[in-house]
Amino acid sequence: MSLPLRLEKTLFAAPVTVATSTTVVTFADRPSIQDWLRLHGEIFLHGRDVWTESRFRRELLERDWFLPQRMWWAISPASDTAIGAITLEVAGDVGQIHWLMVDPAARRRGVAAALLATLENAAWQCGASRITAETLSSWEPAVAFYRRQGYEAA
């Protein structure tokens with residue numbers, strides 16, 4: 001049985017920007033629900049129980065914390081397709097990561113690090129001094145990634 005694992009990082013200074021060939025844009029600049037649904041289905045659901053547009057709206061767009069400027073896409077420079085996404089919720093001095101996901105074919109290329117650095121910078125600019133993330137304890141690559149980025153079990 002895989003249990004949720006909550007991870008946390010304290011920001012003591014403005015995060016460093018990550019150099020990458022991947023372009024990162026906001027949902028406000030590229031409001032594609034279909035890109036998110038495709039990524040989510042491929043990464044988390046493997047074609048089963050695929051989210052619908054109405055569920056996406058309910059789970060993200062209609063939340064009182066959601067802002068289109070706090071959701072980012074990683075765009076492939078070769079194909080102009082979304083290869084990753086991440087969303088930030090800010091409450092007081094705490095930022096929470098929602099849905100960090102990278103297309104399996106684009107992994108190990110700095111895409112997740114670029115998305116996370118963008119999110120951490122935005123959180124810092126909003127006054128957050130702490131960032132939290134949640135993943136499943138059995139998702140070892142995700143846990144290892146967060147730990148490499150300075151996150152620890154909360």
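Seven bridges join strand 4 (residues 82-91) to strand 5, and these two strands run antiparallel; helices (H or I, at least four residues) and strands (E, at least two) are DSSP runs numbered from the N terminus, and two strands pair if DSSP finds at least two bridges between them. All of this is seen in a predicted model, in which local features need pLDDT of at least 70 and side-chain atom pairs count only at pLDDT 80 or more, while totals for chains, interfaces and linings use all residues. Residues are numbered from 1 along each chain as its sequence is written, and side-chain values use heavy atoms, with hydrogens and water left out.

Strands 4 and 5 form a hairpin with two residues between them, and Gly92 in the turn has a positive phi of about 65 degrees.

On to the next pairing: strand 5 and strand 6 (residues 130-136) are joined in the parallel sense over three bridges, and here Gln96 stands opposite Thr132 in strand 6. Together with helix 3 (residues 111-125), strands 5 and 6 make a right-handed β-α-β unit, where right-handed says that, with the strands pointing away from the viewer, the path from the first strand over the helix to the second runs clockwise.

Strand 5 (residues 94-102) is mostly covered, since seven of its nine residues are buried; buried is under 20% relative accessible area, exposed is over 50%, and partly exposed lies in between (1.4 Å probe, protein chains only). Trp99, which is found in strand 5, is partly exposed, with a relative accessible area of 29%.

Most residues other than glycine have a negative phi. Trp99, however, has a positive phi of about 55 degrees although it is not a glycine, and Arg108, also not a glycine, has a positive phi of about 65 degrees. Arg108 has its place in the loop between strand 5 and helix 3, and this residue is exposed, with a relative accessible area of 78%.

Finally, the largest pocket has a volume of about 1,000 Å³. Of the 35 residues that line this pocket, the closest to its centre are Phe44, Leu100, Met101, Trp139 and Ala142. A pocket is an open set of points on a 1 Å grid over the protein atoms alone, where a 1.4 Å probe fits, with protein on both sides within 12 Å along at least five of seven lines, and lining residues have an atom within 4 Å of a point; the volume is the space filled by probe spheres set on the points, which are joined across faces, edges and corners. Strand 5 gives the most to the lining of the largest pocket, with seven residues.
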